[in-house]
Amino acid sequence: VRRFDPKIHGIKVLWIPYEPEFWYWESVETVKRMMLTFIAQIFRPGTSTQVIYCLAVVIGFLRLQVYMNPYTEDQDDILAEGLLWMLLIFYMEVLMSQLAIVQGSSIDYLLCSTLILAIIGSIALIVNDIKRELSMIGTLRKVFRKKFVDTTTRRINRNLSPRSNAIAMQSYIVRQLDCARKIVEEVEEETHHANNCYRVHHEQQQQQHPPSSKLP
């Protein structure tokens with residue numbers, strides 16, 4: 001329903017990555033960013049108190065992310081969870097440095113290791129996404145070959161000359177393109193009809209329940 005609503009089509013970038021029941025999750029992400037940047041400056045900047053506050057925020061949002069899994073794609077959920085784990089490890093290393101648990105070059109090694117792990121994880125996710133896209137392309141190619149190329153091949157008359165076969169294949173392709181164009185037009189008409197139905201239903205609801213002009 002939300003994809004056919006013209007009133008929210010202009011802001012679909014805010015909700016399209018999430019499941020329908022988590023349409024508000026972009027606001028949650030905004031709150032998380034504010035808590036880790038602007039609000040964190042209130043808690044004695046540069047001290048362990050500020051780092052402990054950031055750790056508590058990250059742990060809370062990590063638990064929320066693991067419990068909700070708000071994204072439509074599973075890869076996006078994994079990526080969001082991985083980023084929160086990286087922040088958690090980073091703040092723990094900063095806290096260990098401030099409490100003098102780890103000093104000298106050891107903290108540098110830990111930070112570099114965290115960065116390398118983050119890079120390796122990002123590369124692994126990118127490779128996985130590429131494999132998934134290639135698999136989808138391969139599936140579409142097989143379907144196209146089965147539904148279109150094989151049918152065209154069966155329609156070729158072996159008794160005709162190559163020129164006649166080429167003309168027959170060209171006319172068949174044109175007919176198939178016309179069928180595809182008609183299907184697209186039917187889908188557009190159905191989409192337009194769905195938009196009109198939604199608009200009429202919304203107007204009827206407004207007429208039945210008009211907004212009150214007086215404040216309570």
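Mentor: Before you dig in, a salt bridge here is a side-chain nitrogen of Lys or Arg within 4 Å of a carboxyl oxygen of Asp or Glu. This is a predicted model, where local features need pLDDT of at least 70 and side-chain atom pairs count only at pLDDT 80 or more, while totals for chains, interfaces and linings use all residues. Residues are numbered from 1 along each chain as its sequence is written, and side-chain values use heavy atoms, with hydrogens and water left out.

Trainee: Okay, how many salt bridges does the structure hold?

Mentor: Two. In one of them, Lys-32 pairs with Glu-29, with the closest N and O atoms 3.0 Å apart.

Trainee: Where do Lys-32 and Glu-29 lie?

Mentor: Both sit in helix α1 (residues 25-36), three residues apart, or about one turn of the helix. Helices are DSSP runs of H or I with at least four residues, strands are E runs of at least two, and numbering starts at the N terminus.

Trainee: And are Lys-32 and Glu-29 buried or exposed?

Mentor: Both are buried. That means under 20% relative accessible area; exposed is over 50%, and partly exposed is in between (1.4 Å probe, protein chains only).

Trainee: What does Arg-33 form a salt bridge with?

Mentor: Glu-26, and there the closest N and O atoms are 4.0 Å apart. Arg-33 is partly exposed at 43% relative accessible area, and Glu-26 is partly exposed too, at 23%.

Trainee: Switching topic, how many helices and strands are in the chain?

Mentor: Five helices and zero strands, so the pattern along the sequence reads α-α-α-α-α. Of the 216 residues, 19% count as buried.

Trainee: What about contacts in the chain?

Mentor: Taking contact as heavy atoms within 4.5 Å, residues 24 or more positions apart account for 55% of the contacts with a separation of 6 or more.

Trainee: Which residues form the nonpolar patch on the surface?

Mentor: Leu-115, Ile-119, Ile-123 and Val-127, with about 360 Å² of accessible area together. Areas come from Shrake-Rupley with a 1.4 Å probe, and for residues only the protein chains shown count as cover. Patch members have over 30% relative accessible area and no salt bridge; nonpolar side chains (Val, Leu, Ile, Met, Phe, Trp, Tyr) are joined within 5 Å, like charges within 9 Å.

Trainee: Why does Val-127 qualify on area?

Mentor: Because its relative accessible area is 38%, over the 30% cut-off. Val-127 is in helix α4 (residues 105-155).

Trainee: And which residues gather in the patch of negative charge?

Mentor: Glu-186, Glu-188, Glu-189 and Glu-190. Asp and Glu count as negative, Lys and Arg as positive, and His and the chain ends are not counted. Each charge is placed at NZ of Lys, CZ of Arg, CG of Asp or CD of Glu. Glu-186 is in helix α5 (residues 162-208) and is partly exposed at 48% relative accessibility.
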